[in-house]
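Here are some notes to read alongside the model. Take them in order, with the structure open.

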Amino acid sequence: MSDERSNMAERIGTATPRGLWALGFVVLSLAALVAAPWYFEQRVDVVQTRITEVLEPASRLSSNLQQLKARQLARMEGYLATEDPAFRIPYNAAITTEDSVLAELRVLASELDVEVFERVARLTAASIDWRLLNQRIFDRQFEGFGIEPGSRERVVRGYEALLSATDALDAAIRAEVAVGQAAMERERVTRARVTYALALFALLSTAIVARVGYRYRDITFEAERRRKDAVRSRREIDALLEATSDGVLGVDLSGRCISLNRAGVQLLGYTEREIIGRDVHDTLFHTLPSGEPHPREASLVVQAIERGEPLESED
């Protein structure tokens with residue numbers, strides 16, 4: 001029985017670290033399953049915010065510049081064809097709007113790649129050059145001079161240079177948008193893969209915990225069965241001891257009484273409650289029949305208990 005209990009304790013002791021390890025693995029897997037998607041979602045949000053709040057507005061502003069330049073060209077061509085100074089008013093209004101757009105574009109470009117920032121600077125310089133050219137053409141009328149020959153060709157060439165600078169800016173912005181979208185897609189793919197892997201780990205750890213749980217259940221059932229067997233055996237032994245006419249005194253290894261049957265109570269004159277827990281030698285064998293003290297070290301009963309050997313005596 002002692003060996004069985006030792007084996008049972010050893011099995012429980014072996015299963016406990018495994019169970020704790022598996023439970024810890026489940027907790028870590030679930031925590032990672034929650035934290036990892038959140039982490040990658042934050043990274044995706046950063047890229048998405050950059051696209052929606054910087055790149056896309058910059059692209060729209062670049063397109064607005066093309067429309068503004070087209071209007072300015074139309075005003076200039078109208079003036080060159082008619083020399084009507086009234087065209088200067090809507091032209092100047094378009095210039096004011098263009099300044100506002102360029103200012104916004106420069107702010108956004110400061111958060112983008114260096115190439116985009118350089119493209120905005122070149123577009124601004126080309127726009128200023130074209131604007132000065134047109135201003136000189138308008139000013140000649142107020143100075144009393146007519147329109148110079150070749151003015152329209154210079155205006156068109158300046159406009160074409162602006163279109164080229166604007167197209168280059170659009171291309172740089174679109175490249176930035178493509179890079180951002182590719183980065184966002186990579187983050188989403190990585191998030192999906194990590195989430196899938198963590199889900200597999202969580203399922204695996206859950207299976208381990210389930211296996212350990214079944215093992216604990218088996219061990220518990222076995223321990224309960226053995227406990228019931230021990231109780232049943234104890235009751236059978238107690239029944240036999242109560243049924244016998246011989247006195248039976250149970251003693252532990254330290255020499256203390258642990259049981260006394262009904263016949264023993266009658267023979268010794270002690271109730272079971274009175275003698276349980278008392279030292280048997282000090283209670284029963286402390287004095288020899290001659291009345292002399294009986295030393296403990298000379299007691300054959302004590303010696304037999306200490307050696308774990310049987311003792312037979314007719315006394």
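1. Start with a term. Two residues are in contact when they have heavy atoms within 4.5 Å of each other. Now take the contacts in the protein chain between residues at least 6 apart in sequence: 64% of them join residues at least 24 apart. Keep in mind throughout that this is a predicted model.

2. Next, the overall layout. The protein chain holds 8 helices and 2 strands. Read from the N terminus, the order is α-α-α-α-β-β-α-α-α-α.

3. Then burial and surface. The protein chain has 315 residues, and 28% of them are buried. Its accessible surface is about 20200 Å². Carbon and sulfur atoms account for 57% of that surface.

4. Look at the pair H2 and H3. Helix H2 covers residues 88-109, and helix H3 covers residues 114-142. Their axes come within 11 Å and cross at roughly 165°. An angle over 145 degrees counts as roughly antiparallel. H2 and H3 are therefore roughly antiparallel to each other. Their crossing is left-handed.

5. What kinds of residue form the contact of H2 with H3? They divide into 10 nonpolar, 4 polar and 6 charged. On the H2 side, the residues include Tyr 91, Ile 95, Glu 98, Leu 102 and Arg 106. On the H3 side, they include Phe 117, Val 120, Ser 127, Arg 131 and Phe 142.

6. Stay on H3 for Ser 127. Is Ser 127 buried or exposed? Its relative accessible area is 1%, so Ser 127 is buried. Beyond residues up to four places away in sequence, Ser 127 touches Lys 69, Glu 98, Leu 102 and Leu 162. Glu 98 and Leu 102 belong to the H2 side of the contact with H3.

7. Arg 119 is also found in helix H3. Its relative accessible area is 24%, so Arg 119 is partly exposed. Which residues does Arg 119 contact, leaving aside its neighbours within four places in sequence? They are Ala 168, Leu 169 and Ala 172. Arg 119 and Ala 172 are 53 residues apart in sequence. In space they are 7.8 Å apart, C-alpha to C-alpha.

8. Move to helix H1, residues 2-82, where Ala 58 is found. Ala 58 counts as buried because its relative accessibility is 1%, and the cut-off for buried is under 20%. Leaving aside neighbours within four places in sequence, Ala 58 is in contact with Leu 105, Leu 108, Leu 112 and Ile 173. Check Ile 173 in the view. Ala 58 and Ile 173 are 115 residues apart in sequence, yet 7.3 Å apart in space, C-alpha to C-alpha.

9. Ser 151 has its place in helix H4, residues 151-243. With a relative accessible area of 3%, Ser 151 is buried. Its contacts, leaving aside neighbours within four places in sequence, are Leu 80 and Ile 137.

10. One backbone point remains. Where does Glu 83 lie? Glu 83 is in the loop between H1 and H2. Most residues other than glycine have a negative phi. Glu 83 is not a glycine, yet it has a positive phi of about 55°. Its relative accessible area is 39%, so Glu 83 is partly exposed.

Conventions:
Residues are numbered from 1 along each chain as its sequence is written. This is a predicted model: local features need pLDDT of at least 70, side-chain atom pairs count only at pLDDT 80 or more; totals for chains, interfaces and linings use all residues. Side-chain values use heavy atoms; hydrogens and water are left out. Helices (H or I, at least four residues) and strands (E, at least two) are DSSP runs, numbered from the N terminus. Buried means under 20% relative accessible area, exposed over 50%, partly exposed in between (1.4 Å probe, protein chains only). Accessible areas come from the Shrake-Rupley method with a 1.4 Å probe; for residues, only the protein chains shown count as cover. Axes are lines fitted to C-alpha atoms, for helices over the stretch in contact, and angles run from 0 to 180 degrees between N-to-C directions. Angles under 35 degrees count as roughly parallel, over 145 as roughly antiparallel, 65 to 115 as roughly perpendicular and the rest as oblique. A crossing is left-handed if the near helix is turned anticlockwise from the far one by less than a right angle, and right-handed if clockwise. Ala, Val, Leu, Ile, Met, Phe, Trp, Tyr, Cys and Pro count as nonpolar, Asp, Glu, Lys and Arg as charged, and the others, Gly among them, as polar.
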